[in-house]
Structure formats: structure tokens, C-alpha cells
Amino acid sequence: MNTMDFLENSLLKYWSNIVISNSPKKTPLRILQLNCDEGYLSLSLSAHSHLVTGVDIDSDKIARAKSRRIEEVAEPDFYVGDVFSDRFKSNTFDVIVARGVFSVYKDDFRDLVSRIKDILKPKGKLLIFDCDYTKADLNTVTTTEDIRDLCKSSAEAAASRQSNSEYTSSELFDSVVYELGRAGFKVKNKIKIKDPSAYSEGEVSFYGKYPMYMLEGTKADNEEDEENEISLFWQKNNDVGTDRCIKDLHSFKRKAWGDMIERYAPKKKKKLRILDIGTSSGFLAITMALRGHDVCGIDISNSRIAAAVANAERMNAKVNFICSEADDLPFGNEEFDLIINRNVVWNLPNPEYAFSQWYRVLVPSGRVVYFDGDWVNQPMSDTDSEYFDFNRAQAYDKASFSLFDDSESGKIFSVENSTKKKRPEWDRRTLSKWGLIPLAIRCDVSDQLWDDYERGLYFLTPQFVVVAEKMVRTDFDVQSAYGSANEPIK
């Protein structure tokens, strides 16, 4: 093909039209073509007055692509390299075209998608044109040398991913859609490209049997839209090796729980050393780490710790997770500014000993902020339910729910529980015995922290929050006074 033929070539007309028709409606577009080969599509898109950059790792192909540029007609930039090149800055391109890229990419698709997302502008488009070349039987299909090379490279790439426990070759499109979705892209279903005019004579037979598809991913316009897309993605993909933690981290809950914890946290410094006890799959720990705090999460379950580590990696959160019991902490004295947990105390076989441990690892004036419910004593009968609801309303009306003033750090505030339940009144009395002075107790914060599903499921047992501050006791050593974890509560 000479330097002018590409302008009239039917194949390039087809591909440039499909790219432009699925791109943002503006001119000029800033377009990046990955694996641009000898540059024909980049030249064609450039001839439509768009600002095009083509990259390929083959220096000979890039040299031939540069030689075909036509001054004042089609002058795309061509570079030897790939999408990870340092020359590409964040939010640069309106469109990224990737034909035969994902099928031959040897490493984790997550890194590739993350890089593409970084250099795309908000609302930018990623157009993927690919085929699962590993399924092709080249002994029975006549193909061009280019397709044979793609099949070979794709098989090697799939083997590499499989050996790294990433993806198997049969999961190409599912894996790409999955990674786009978890990164916040709005993904359209794959569209089969079956028009014969899309292929050369040597390609028609191959792509007729092994179809090429187009996937379109749109980068979110802003952080809120991205969170919504990710939330929708996890709602549709609750069977892909994650748990409810990831969904909650991409919902209103992350902000709601984080805001409430920070409201009650010590105010003496911005970056707190936080211990999340009974972290489970890491929701609270990850939430606070994403707010810039230094967080350690512990749990008695190895499987939950493994899930928490995986969830932190998905969220790019730095958390130190350790398998440990809540009442046998593997830390020195006065290591943490804040201890947090939810629905942990009611599970402890000896909560008072745990309180003595929490006191020990807190710095002077450090705080405990924990959430729980009176799960053991929740009413079950209809009569009990009516009684519970009535008295909960009475408790809410009687309680002074104006929160403690942060400027009055010595002020003690507690709510007497008029439902005749043991908690959270038990917490108020018991914490004080071990040098943890209650600053705030709110009997019901469910509406602020729970979604509709949780409200419907747990409405008989509201979530309460307890805030206590470490008061330095000079009259006795808490742990020595208590003894061992096996001794009964006195």
C-alpha cells in the first residue's frame, strides 16, 4: 500500500469509521492506538483531523509507519514502546484503541487497565478489538502470517497468566470485562464484528470461525460516578471471589462509618495509629487507611485475614493485617491512638480481660470507638417485638443525643438504657472499671450506618456506638489487677 492508498482503502475506512462512531463526539480527538503495527489505522484517523499517537514495541514497524506520514494530511506521532511509556501523562487521551492487545498481554490485566484508566480523560473511551486466538486450530484454518503470529503470542500470554494464577485462556473476555468493571469503567457488552468488509481476503475465513469482538469501556466522569459504577459492578459480580466488604466500600457506608469514627477519634493529630479488632474482611480497617491513617487489623480467623488482605489490595489500601485474638494482643504498651471494632464485644468469652488489654495498648488519652448490638437479648416473640419497639422509641425520646463537645474532652456523657436490656448500660459500667471512661454512648445509629437490607433484617436490634477514653490509673496496673484471661469476671 503506497502513501496515498490508505485514504481510499475500504478496510481502513471501515475501521476508522467504527472507531470514530464509538468515540466522544468532538473534533479533534486525542487518540492513542496501541500495537499500531505499521500505522495504517493511525494514519487514517489522523486524516480525519484527529490528533493521533501510535505505539508499537517493534522499532522496524514504527520506522515504516513514520515513513508513510503525509505532510499536512496525516501526521500522527509514532513511538517505540507501549501504554506504560513515561511520555503519556494522566488525563491525556479521549480515545484509546487496543486491537489484539489484551489477547497477547502476558501480565496482569489489572495493571494494563489501571494504566489505561490513568491516561484517559474523564468520559474517555477504551475501544478493544480482540479475538480469543488461543481457541484457533491453525491446522485447519488458512490464515495470514499476522494472524498466525497473534495466535502464537496469545497462547504464550495465556500460559503466562495461567502460571501466575491470574486467568486461564478460556476466560479472556470475561477477565477483561471483570477488570474494567472493578476499575469503574462503564462497559458495554461485546459486539461481534461480522461484516466481511472489516477483514482482508486472508482474514475472512478465520474471523468467520473465530469471531472478533468489540468491547467499549467508558471512564467515569468523576469520583462519584466511578463509585456508582463500581458498586453496580460488585452487585452483579458477587460470585467472583470477593465478599460484601468490597460492595460496602463502594457504597455510602464507607463515608458514613468513616465520618462517625473520625468524629469520635482523638483530635490531637491528623494521622492516627489505629487498631481494628475483629477486622473480619477488613471493612473498617480499609476505610480508615484510605483516610490516611496508619492501620493494623487483627482477626482470629486466618481465612478472614486472607480475605482482608485481598480486599485491601483491590482498594489500594495499606493495612497491616495480623491473625490474633482480641484479648491476647501481640503489641507493646501504648502503641495505638485509637481502637475500633464492630460486633466484636458480644462475641468475646471474657470481655473484661479484653478491655484490660485494650487499655494497655492505648496511649494516654487514647480512645476506643466500638459498635455493637444487644444481639443475645434481642426479642423474638411478637409480644416482645412490640415491647421492644415501644421502649426503643421511649429511650430515643429520653436520650440526650446531642453529642459531646470535642472541646470538652473531660465531659462524660452516657445514655441510660430504658429498654431493660443489659447493653449498652453494661458497657458504660464495665469500661469504667478498667480505666476506659465513657465519653459518648448512642443507643441507635442504625439509620446512619445501615442500608435498607440491614435495617429490615436487624431492626429489632439497633446498632449502638460506645466511645471511651483511656484515663491513666496510677493506683494499680490494670493487667496485673485483672490476672489472666482464664480467670472469671468478678
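**Pockets and sheet of the predicted model**

Helix H9 (244–249), strand S8 (273–277), helix H11 (283–289), strand S9 (294–299), strand S11 (336–342) and helix H17 (452–458) each contribute at least two residues to the lining of the second largest pocket, where helices (H or I, at least four residues) and strands (E, at least two) are DSSP runs numbered from the N terminus. A pocket is an open set of points, on a 1 Å grid over the protein atoms alone, where a 1.4 Å probe fits, with protein on both sides within 12 Å along at least five of seven lines, and lining residues have an atom within 4 Å of a point. The model is predicted, so that local features need pLDDT of at least 70 and side-chain atom pairs count only at pLDDT 80 or more, whereas totals for chains, interfaces and linings use all residues. Residues are numbered from 1 along each chain as its sequence is written, and side-chain values use heavy atoms, with hydrogens and water left out.

The second largest pocket holds about 840 Å³ of space, and of its 34 lining residues the closest to its centre are Gly278, Ser280, Arg342, Asn343 and Val344. The largest pocket holds about 1400 Å³; among its 43 lining residues, Asn35, Asp37, Lys61, Arg99 and Leu150 are the closest to the centre. Volumes are the space filled by probe spheres set on grid points joined across faces, edges and corners. Helix H5 (145–163) supplies the largest share of this lining, six residues.

Seven strands form an open sheet of mixed pairing in the order S3-S2-S1-S4-S5-S7-S6, pairing requiring at least two DSSP bridges between two strands. S1 and S4 (residues 93–99) pair in the parallel sense over four bridges.
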